[in-house]
Amino acid sequence: MSSETNNLKPFSTMQLLNFCLGFFGLQFAWQMRIILSGPVTESLGASPLLFGLIWLAGPVTGMVVQPIIGEMSDKTNTVFGKRRPYLFAGALFASLALWAFPNSAIIWEKLATICHLPVLAFGGLIIAAIMIWIIDACVNAAQGPYRALVPDLVPQEQHSLANAYLSFAIGLGSVVAAGTAPFLKYVCNYQMSIEAQFVMAALAFSLAMLWTCITIKEHKTTKEQNVEKKTEDNVEQAPFIKKVVDFFKSSPEVGKICTLQLFTWIGIMSLFIFFTQYAIHTVFGVPDLTTATQEVKDSYTATISQATNFSSICFAIQNLICFLVSIPIGLLSTKFGNKKVHFISLLTLAFAFVGMGLYTTNTVFIGICMAIAGIGWASILALPFAMLSQFIQKGSEGSVMGIFNIFIAGPQVLVCTLLAWFISQCSFIVPNGINYHWEYTFFIGAITLVIAAVITNLINENK
């Protein structure tokens with residue numbers, strides 16, 4: 001352990017709250033992308049399978065961008081710090097893409113006119129897919145270095161608590177992002193447009209991350225520490241494959257934690273990717289409109305707005321509970337151990353999934369299930385990272401977080417491809433067209449979450 005690590009001072013409550021503000025903005029933007037990307041891409045002609053393929057942007061950029069940026073940030077040494085350049089750049093470019101995404105059809109029309117491009121019915125969908133890839137790449141570029149700030153700046157005994165505060169920020173950011181439009185509708189009778197919601201997300205991300213970059217001070221490296229760091233960097237100079245091998249060889253528990261993440265994120269992403277479509281098509285009964293006439297689409301405009309507001313309310317409820325229980329979960333894990341708390345949380349989340357799969361038209365019960373799901377979500381955002389932090393070698397924080405993210409992003413590939421394909425095969429005839437059994441995603445997610453809970457119980461934590 002370096003002298004710098006030994007000299008880390010405990011964070012106060014106010015310092016922890018300030019530390020997680022940038023993550024609030026990051027999650028604000030990400031939550032808006034989760035809730036509204038489905039309606040935007042479907043209006044441009046995306047089928048369930050194509051929608052899933054567009055969602056591949058998240059996991060693919062996560063598996064590629066986070067390890068690369070994580071390793072780069074480990075080696076970065078600028079007057080602005082190691083991590084802060086990546087936080088600011090990620091927020092800036094993601095904010096521009098957030099503004100452009102809901103305006104994809106207009107952007108394509110302008111490009112086609114200026115560049116004399118051929119008229120393509122799916123031109124707007126191409127632009128939308130590109131913007132999604134930019135958003136996801138930039139969010140991943142900021143997220144990995146942000147997570148690496150915990151072992152960088154926070155003493156070991158506060159890692160669980162610091163990650164719990166990040167969960168707190170994620171919950172709060174998601175609540176505000178998801179709840180703003182429904183609040184304005186039901187309280188002020190004003191329906192906020194999708195375009196305005198994405199502008200709001202862009203401002204929240206860029207301003208919150210700018211505040212973090214200004215107020216969080218990274219440790220400056222002295223000449224003596226540079227000499228010490230050269231020794232630590234011998235691990236960093238190794239090829240990436242060797243780093244992965246060494247990462248797993250460090251402890252048999254590392255493999256268990258990574259497998260736990262794999263099954264967990266198959267389950268949780270089946271909720272995040274498909275819930276809004278489930279709300280629109282299963283809960284509110286809107287048929288698939290990708291090939292419908294404009295007259296049919298117009299007839300469902302009000303219902304779709306009602307369904308997306310319901311989806312936003314459900315996500316707000318889920319993340320409100322996440323916001324409320326994230327710090328208590330950190331405190332409970334400190335007292336009883338990470339794995340015990342996480343085991344119970346995952347089973348709770350699986351129970352909520354089964355409820356949503358069975359009771360597809362009971363909006364009150366679905367809201368209750370989303371509240372229960374908030375408990376599991378708060379645990380997922382904190383405790384696996386806390387368990388992993390015991391096995392991170394000093395100087396490799398960014399690389400390890402990048403490798404670990406593969407087991408978050410990789411499962412999403414399965415959800416975006418195999419699960420999206422499975423849903424596309426489960427169609428049935430309804431008035432004005434066809435519909436799909438979107439609720440099947442929750443049964444599959446529940447199974448993977450139970451498997452993740454069993455794996456959690458097998459992990460041996462360091463005492």
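A: The largest pocket holds about 760 Å³ of space in this predicted model. A pocket is here an open set of points on a 1 Å grid over the protein atoms alone, with protein on both sides within 12 Å along at least five of seven lines, and a lining residue has an atom within 4 Å of a point. Grid points are joined across faces, edges and corners, and the volume is the space filled by probe spheres set on them, the probe being 1.4 Å. Of the 30 lining residues, P39, V40, S43, I194 and I304 are the closest to the centre of the pocket. Helix 15 (301–336) contributes the most to the lining, with six residues. Among the other elements that give two or more residues are helix 3, helix 10 (194–215) and helix 13 (252–283). Helices are DSSP runs (H or I, at least four residues) numbered from the N terminus.

Helix 3 (residues 21–43) also carries R33, whose side chain meets that of D136 in a salt bridge (2.8 Å, N to O). A salt bridge is a side-chain nitrogen of Lys or Arg within 4 Å of a carboxyl oxygen of Asp or Glu. D136 belongs to helix 8 (residues 123–153), 103 residues from R33. R33 counts as buried because its relative accessibility is 1%, where buried means under 20% relative accessible area with a 1.4 Å probe, protein chains only. D136 is buried as well, at 0%.

The structure holds two salt bridges, and D152 and R83 form one of them (2.6 Å, N to O). D152 lies in helix 8 and R83 in the loop between helix 5 and helix 6, so the pair ties together parts 69 residues apart in sequence. Both D152 and R83 are buried.

K82 lies in the loop between helix 5 (57–75) and helix 6 (84–100). K82 is buried but has no salt bridge, and D152, the nearest side chain of opposite charge, is 4.4 Å away. Lys and Arg count as positive, Asp and Glu as negative, and His and the chain ends are not counted. Beyond four places in sequence, K82 is in contact (heavy atoms within 4.5 Å) with S73, D74, T76, D152 and E218.

Residues are numbered from 1 along each chain as its sequence is written.

Note on methods:
Predicted model: local features only at pLDDT ≥ 70, side-chain atom pairs only at ≥ 80, totals over all residues. Heavy atoms only, no water. Buried < 20%, exposed > 50% of the residue type's maximum accessible area, 1.4 Å probe, protein only.
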